[in-house]
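The structure is shown below.

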Amino acid sequence: MNQAEALELVRSKVAKVAKTDVTITLETDLIEEEIVDSLDGMTVMMEIEAASGIKIPEDIDLVEEGFYKVGKLVQFLSS
Amino acid sequence: MHVRAIASAFPDWVVDNDTIASWSGLDARFIADKIGIDSRRFLAANEPPSSLAARACNSLFSAQPELARESVGLMVVVTQNGDYKLPHMGAILQNELRLAKTTATFDVGLGCSGYVYGLSVAKGLMASTGIAQAILVTCDPYSRLMRRDSRDVIGLFGDAATATWLSADRGLSIGLPDFGTDGSGAAHLIVRGGGGAHPASGIGIAGEGEQASQSLSMGGRAVFNFMLREVPESVARCLARNHLDKDDIDLFVFHQASKFMIDTLTERMALPRDKVVFDIARTGNTVSSSIPLILERLVADAPPRQKILVSGFGVGLSWATNILQYGAPA
């Protein structure tokens with residue numbers, strides 16, 4: 001998956017969980033900008049895992065590790 | 001074997017969301033809206049867990065005069081938080097409740113799956129020994145395990161105890177269960193300190209000087225993923241074992257983990273929302289007590305032949321599912 005595909009995947013899953021269309025960029029922080037809360041964030045990650053087949057580690061703090069920053073998430077998915 | 005009646009007890013100390021927010025920095029509105037909790041009860045510092053369990057049992061005896069104390073042949077206590085490391089809470093309760101010395105008592109060390117496990121444990125022992133009357137107790141005060149500033153857990157759990165009268169003759173029959181364990185997820189819901197691996201301080205053996213946390217740690221996303229992975233499959237296996245279809249079930253009573261988790265599970269399993277019971281607004285997630293607290297109302301109100309699916313999941317990680325039904329052979 002390239003960076004553009006990863007960004008579109010994240011955007012589509014965030015929109016699905018937030019139940020509204022969203023504009024995100026690599027600079028967006030999903031939690032800080034209150035696009036999703038920490039619980040909905042778990043659903044976003046699960047949706048991304050199911051669609052991509054890529055496992056996001058369960059034994060890390062996603063907030064502390066910066067996984068709700070779209071740039072970090074896209075980098076992880078496209079690496 | 002049958003579920004004949006259920007009684008419950010709560011501590012007096014009411015902890016509202018503003019208090020939780022002041023301790024932890026959690027948002028009170030978030031707890032109410034997303035977790036589904038307005039308030040919960042915590043045991044007072046001077047109140048031992050067994051006193052809460054005894055109150056639930058005494059409430060059961062008061063409400064059910066047909067249940068004589070001397071007739072209770074078995075008491076199974078589901079808890080991970082007894083008064084002491086040893087002896088087991090069942091022994092404390094036998095004495096406190098003045099049950100006969102011939103009463104078999106033991107504890108089952110499970111969390112949120114424990115009530116559903118306990119139903120089958122008691123059923124099996126009753127069937128194999130001829131015991132006609134048993135009490136299944138749940139009492140697991142997680143307030144004793146939670147750091148007040150732990151944002152992962154402090155807004156979630158509350159304390160309660162329940163006592164379920166199990167009888168050989170009538171009530172809700174206990175069907176064929178589905179059980180499961182995935183110990184690879186053990187670390188996702190854990191209290192590391194105080195056990196044999198990391199004993200309490202002062203013991204003077206390996207581990208001294210490196211104190212493991214004696215408070216509850218939860219990997220929320222791992223537990224969430226575990227629930228969505230295992231519970232639908234457990235429900236499907238349990239339905240098949242009992243020769244039932246999802247549409248045959250009148251009510252689904254899952255462990256009352258949180259509003260977010262039950263809403264998500266309901267959506268993923270495509271269950272009718274009016275068949276899925278959820279109510280923790282004034283209790284919080286009460287661990288192994290959450291299912292019997294819901295059943296307490298249903299047992300009193302349920303029309304004949306109603307089929308209730310119960311499914312618990314949590315610490316272990318573990319899960320258990322069963323069907324309770326009026327008018328079916330036990």
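How many salt bridges are counted between chain B and chain A? The count is four, in a model that is predicted.

## Interface between chain B and chain A

In one of these salt bridges, the side chains of Glu47(A) and Arg268(B) meet at 2.7 Å, N to O. On the side of chain B that touches chain A, α2 (28-35), α6 (220-241) and α7 (259-268) each supply at least two residues. α6(B) gives the most, with seven residues. By class, this side of chain B has six nonpolar, three polar and four charged residues.

The contact draws 13 residues from chain B and 14 residues from chain A. Between them the two chains bury about 1,200 Å², with 56% of it on carbon and sulfur atoms. Arg221(B), Phe260(B) and Arg268(B) lose the most area in chain B, together 47% of what that side buries.

## Cis peptide bonds in chain B

Leu86(B) and Pro87(B) are joined by a cis peptide bond with omega about 5 degrees; Pro87(B) is placed in the loop between β4 (74-78) and α4 (89-96). A cis bond also runs from Gly316(B) to Leu317(B), with omega near 0 degrees. Leu317(B) lies in the loop between β13 (307-314) and β14 (318-325).

## Positive phi values in chain B

Most residues other than glycine have a negative phi. His243(B), in the loop between α6 and β12 (251-254), has a positive phi near 55 degrees. His243(B) is exposed, with a relative accessible area of 73%.

Ala270(B) likewise has a positive phi, about 55 degrees, and lies in the loop between α7 and α8 (290-301). Ala270(B) is exposed, its relative accessible area being 59%.

Notes
Residues numbered from 1 in each chain as written. Chains lettered and ligands numbered in written order. Predicted model: local features only at pLDDT ≥ 70, side-chain atom pairs only at ≥ 80, totals over all residues. Heavy atoms only, no water. Contact = heavy atoms within 4.5 Å. Buried area = accessible area lost by both parts, 1.4 Å probe. Helix = DSSP H or I, 4+ residues; strand = E, 2+ residues; numbered from the N terminus. Nonpolar A, V, L, I, M, F, W, Y, C, P; charged D, E, K, R; others polar. Buried < 20%, exposed > 50% of the residue type's maximum accessible area, 1.4 Å probe, protein only.
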